[in-house]
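Good morning, colleagues. Please look at the sequence and the structure on the screen before I take you through selected regions.

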Amino acid sequence: MVRPEPPEGWARWVAEVYRRLLEAFGPRHWWPSALEPPPAKAQPFEMIAGAILVQNVAWSNAAKAVRALAEAGLLDVAAMDAAPAEAVEPLIRPAAYFRQKAQRLKGFAAHVMNRYGGDLPAMLRRPADELRAELLALPGIGPETADCILCYAAGRPVMAMDAYTRRIFARLGVFAPDARYEAMQAFFHAWTPADAQLRGEYHALIDTLGNRLCLKRNPRCGQCPLADLCPRVGVVEEAGGAAGRA
């Protein structure tokens with residue numbers, strides 16, 4: 001923590017940030033389906049495939065790869081496990097790192113087939129701590145991807161953290177710029193209700209703010225719904241001068 005606790009307390013402050021973001025951007029309908037328009041949400045394996053494919057790439061590119069997998073009949077655990085990597089790779093090329101990501105998709109599918117007989121819902125019903133540890137043991141699944149799966153596929157009250165969270169809340173003065181994933185998550189878990197829908201929506205709203213307004217360089221502070229709450233810590237340095245304060 002960097003800034004002192006606000007007079008109204010952290011719970012009310014965090015709730016006010018959520019309220020403003022929701023009012024500004026509306027419900028995000030996460031995890032979004034790449035196959036149907038909003039408010040449709042992805043089914044569990046589509047969501048998991050999307051979480052792997054979106055690593056280090058824009059969602060629009062990941063969505064193209066998800067749609068290609070669906071058209072090929074590979075948004076299915078058994079089908080993905082049976083498909084040769086050479087058949088998966090060209091389909092997911094829009095998501096970049098396609099050879100690596102094909103191995104991750106197939107590795108996940110193989111795990112579900114081998115341990116659960118292909119029954120993904122059975123895997124997702126496991127106790128949250130055990131499921132998280134199991135996910136983190138799989139190649140290519142780190143804390144953010146695991147927590148997205150826990151929240152959006154398994155319906156657990158877990159809030160994923162990412163670079164947008166760190167950037168925005170460092171500028172708000174809540175976290176240090178190098179705050180650890182676990183420390184950020186502990187803060188949000190302490191001051192938000194243990195509700196999967198709310199925590200999932202909060203994560204999506206933070207990402208929307210980071211993607212649209214709270215940019216790494218030249219953030220659009222004048223359009224930000226949190227402008228009066230934000231001391232803009234580090235904005236001048238990151239944005240390259242006074243232009244970043246516009």
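**Loops, helices and a pocket**

I begin with Pro 39, which lies in the loop between H1 and H2. The helices I name are DSSP runs of H or I with at least four residues, numbered from the N terminus. Pro 39 is joined to Pro 38 by a cis peptide bond, with omega about 10°. The loop between helix H1 (10-25) and H2 also holds Trp 31, and the peptide bond from Trp 30 to Trp 31 is cis as well, with omega near -5°. Most peptide bonds are trans, and most residues other than glycine have a negative phi.

A word on the source: this is a predicted model, in which local features need pLDDT of at least 70 and side-chain atom pairs count only at pLDDT 80 or more, while totals for chains, interfaces and linings use all residues. Residues are numbered from 1 along each chain as its sequence is written, and side-chain values use heavy atoms, leaving out hydrogens and water.

Next, the loop between H2 and H3 contains Asn 56. Asn 56 has a positive phi of about 60° although it is not a glycine. Is Asn 56 buried or exposed? Asn 56 is exposed, because its relative accessible area is 68%; buried means under 20%, exposed over 50%, and partly exposed in between, with a 1.4 Å probe and protein chains only.

Helix H3 covers residues 59-71. Its buried residues include Ala 62, Val 66 and Leu 69. The buried residues of H3 pack against helices H2, H4, H5 and H6. Just after H3, Gly 73 takes a positive phi of about 75°.

I turn to Asp 147, which is in helix H9 (residues 143-153). Asp 147 is buried, because its relative accessible area is 0%. Among the residues that Asp 147 touches, not counting those up to four places away in sequence, are Arg 132 and Tyr 181; contact means heavy atoms within 4.5 Å.

Finally, the largest pocket holds about 820 Å³ of space. Of the 26 residues that line this pocket, the closest to its centre are Trp 30, Val 54, Val 57, Tyr 164 and Asp 207. A pocket is an open set of points on a 1 Å grid over the protein atoms alone, where a 1.4 Å probe fits, with protein on both sides within 12 Å along at least five of seven lines; lining residues have an atom within 4 Å of a point. H12 gives the most to this lining, with 5 residues.

Definitions and conventions. Helices (H or I, at least four residues) and strands (E, at least two) are DSSP runs, numbered from the N terminus. The expected span of a helix is 1.5 Å times one less than its number of residues. Grid points are joined across faces, edges and corners, and a volume is the space filled by probe spheres set on the points.
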